[in-house]
Each structure stands twice: as structure tokens, then as C-alpha cells.
Amino acid sequence: MMNRNNKKFIPVMLMPFCEDKSIDYAALENLVELYLKAGAEGLFANCLSSEMFELSKQEMLESVSFIVKKVAGRVPVVATGTFSETVEEQAAFVKEIYATGIDAVIVITSLMAEEKDDEATFRSNVKALLALTDGVPLGFYECPVPYKRVIAPDFLGELVKTGRITYHKDTSLDINNVSAKIGGTAGADDFGLYDAYMGHAVATLEAGSAGLSCIQGNYFPELIVWLCHNYSDAAQRDKVDQVQQFLSDNMGVMHYAYPNSAKYYLQLTGVDINTVCRRTDIEELDEDTKIKLNKLKVDYENLEIA
């Protein structure tokens, strides 16, 4: 049974690109090591931070296979495997990407039904996918693209009881919803809810989440690891509160022009990564944004978290 006091950080991986926008595998290998050196206890590959919608399926398979090979069993790896297709086609790709050696395939909730579809249609499609992928461990991600579909606590609890669901990345932004999901899945073996919203990072850890899976980990992964390890330490309470305030105060700058902004920030810290992105629907990484990111780095260094 999962230890609810053992909180883990699962990074949502960036995808580095060369100037010609091909995948930069040397930089990707360096990112894997950066996350693991910081103390990450798992990796979420082929996600929105990886610009998954801008990757071909072949690129998805090749990049995830590369990550699995470089991780070499040191931590679990999960990766998205459902896109805008029929349930049968989604099931086929779930099996294909699972064959790369990942530990679970992540299902995008908003791609299991169209925005206009009702809850019954969504639930029916999810159950059909489970039936067509028997034996494949799955997880869920309330990805905000193409739209956000928040999974209901009762349905998540029902699915977890099947023993097939190992991971849920929550983006509800609602601590009451998160708490209800944690309560509805309590006692489940090998399942963990990981919150993406750092506005209530400490509260979600205190509520019993398995840990955090957030974009902030692409700026300072070691800070998110520190928070997971120290959130309940009474001796560190002042620092924990300081970190929570820092994360809340800087939400805007870290989300603006993301993931370009995260790549630029990593450059500031000495990481060899290009700021090139394939996404065209994000804000420009202009000089004003760079000034704010430089200030973010200074403010982070001034936290003095031991």
C-alpha cells in the first residue's frame, strides 16, 4: 500500500529542440539527469510540457524509448498515450507506447470525449478504453488542452478499484475536489494523486496526495523535492510557508510564455538547452519577460532553503 507520508515529485518533462526544431537528444539526456539529480522519483514524459501535440507519433515513441533507456530503471516513467481519435485507435496507441517500457500510460481526460459530450459519454468511453487495453497500467491527466475535463471523485474512485489505475495528475485547482479524490481512493494499492497546482501545494500534501507534478519543477526541481520532503516538518514550518508564498507569488511569471520561459530559465542556471519551441500558441519570450525571469532566479536564490 502506498505510504501517504512519502511524498514524491514527478516532473512534467520539457522537450528540447535544436534550431531546426528537431528533437535535441543530447539535451534530453541532460534533462533526465537534471531531474534525477534533483531527487525526482518518477518522470512524466510526452506531456503538455513536452509539446506532445506538436510531436508525430513516431517522435513520441522514439523520445519515450530514449528516456526509458536513459533512466534505466532508476525511477518509474509514465507517458501520454491517448489523442484525438476513436477509442479503438487510442487503445492501439496505448499498447504501442506501453511497449517502450514505461510503467503506465497516461489518458488525457479531455480527449476521451468532446467538450459538448455529457458525463455519461465520457465515462462510457473511458470504460471502453480500459476494456480494450486489458493488462496495461493507466493513469489520468486533466490536461487543459484542448479543453479541461475534471474527472469526478466518485468516478476516479470507481476506476482505481479496478487495480488498473496507478497515477492521476490533478489540475482541478480546487483543494476540496482534490481532497474528495484522495478520500475516494484511500487504501488503494499502487495509486497516487499528484497535484499540478502550486497555489495550494502544501495543502494538497497535507490532505494526503502522493506528491506534486508541476511546471515549477522545470525551473527549480530541487525546491519541489525539498517541499515534498519537508512540508510536515514542524521545525521547517517557517521555510515551508516561505516556499508556498514564493510559489504562489510567482505563478504568473512561470506560466507566461511557457515552456519557452522554463527553457530560458534553465539556460540562466547553466543548463545547455535551446529555447526553441514548436508551439505557436504561447506568448512571446520578450525582453520584459526575460527581465522577470532573471528576477525570479535572484528571488529563488534568496530563499536560502537548506
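The legends below describe close-up views of a predicted model. Residues are numbered from 1 along each chain as its sequence is written, and side-chain values use heavy atoms, with hydrogens and water left out. In this predicted model, local features need pLDDT of at least 70 and side-chain atom pairs count only at pLDDT 80 or more, whereas totals for chains, interfaces and linings use all residues.

Figure 1. Helices (H or I, at least four residues) and strands (E, at least two) are DSSP runs, numbered from the N terminus.

**Figure 2. The N-terminal end of helix 6.** D174 caps this end, with a side-chain oxygen 2.9 Å from the backbone nitrogen of N176. A polar contact is a pair of N or O atoms within 3.5 Å; within protein, one must be able to donate a hydrogen and the other to accept it, and residues adjacent in sequence count only if both atoms are side-chain atoms.

**Figure 3. The surroundings of E142.** E142 is found in the loop between strand 5 (138-141) and helix 5, and is buried, with a relative accessible area of 0%. Leaving aside neighbours within four places in sequence, the contacts of E142 include T109, K148, H168 and K181. The side chain of E142 reaches the backbone nitrogen of S172 at 3.4 Å. The C-alpha atoms of E142 and V107 are separated by 8.7 Å, although these residues are 35 residues apart along the chain.

**Figure 4. The buried residues of helix 5.** F155, L156, G157, L159 and V160 are the buried residues of this helix. Their cover includes helix 4 (119-132), strand 5, strand 6 and helix 6.

**Figure 5. The largest pocket.** On a 1 Å grid over the protein atoms alone, a cavity is a set of points where a 1.4 Å probe fits but cannot get out, and a pocket is an open set with protein on both sides within 12 Å along at least five of seven lines; lining residues have an atom within 4 Å of a point. Grid points are joined across faces, edges and corners, and a volume is the space filled by probe spheres set on the points. The largest pocket holds about 490 Å³ of space. Of its 20 lining residues, L48, Y141, P144, I215 and H255 are the closest to its centre. The lining has 11 nonpolar, 4 polar and 5 charged residues; Ala, Val, Leu, Ile, Met, Phe, Trp, Tyr, Cys and Pro count as nonpolar, Asp, Glu, Lys and Arg as charged, and the others, Gly among them, as polar.

**Figure 6. The largest cavity.** About 30 Å³ of space lies in this cavity. The residues M13, L14, M15, A45, N46, S50, S63, V64 and I67 line the largest cavity. Helix 2 (residues 57-71) gives the largest share of this lining, 3 residues.

Methods:
Buried < 20%, exposed > 50% of the residue type's maximum accessible area, 1.4 Å probe, protein only. Contact = heavy atoms within 4.5 Å.
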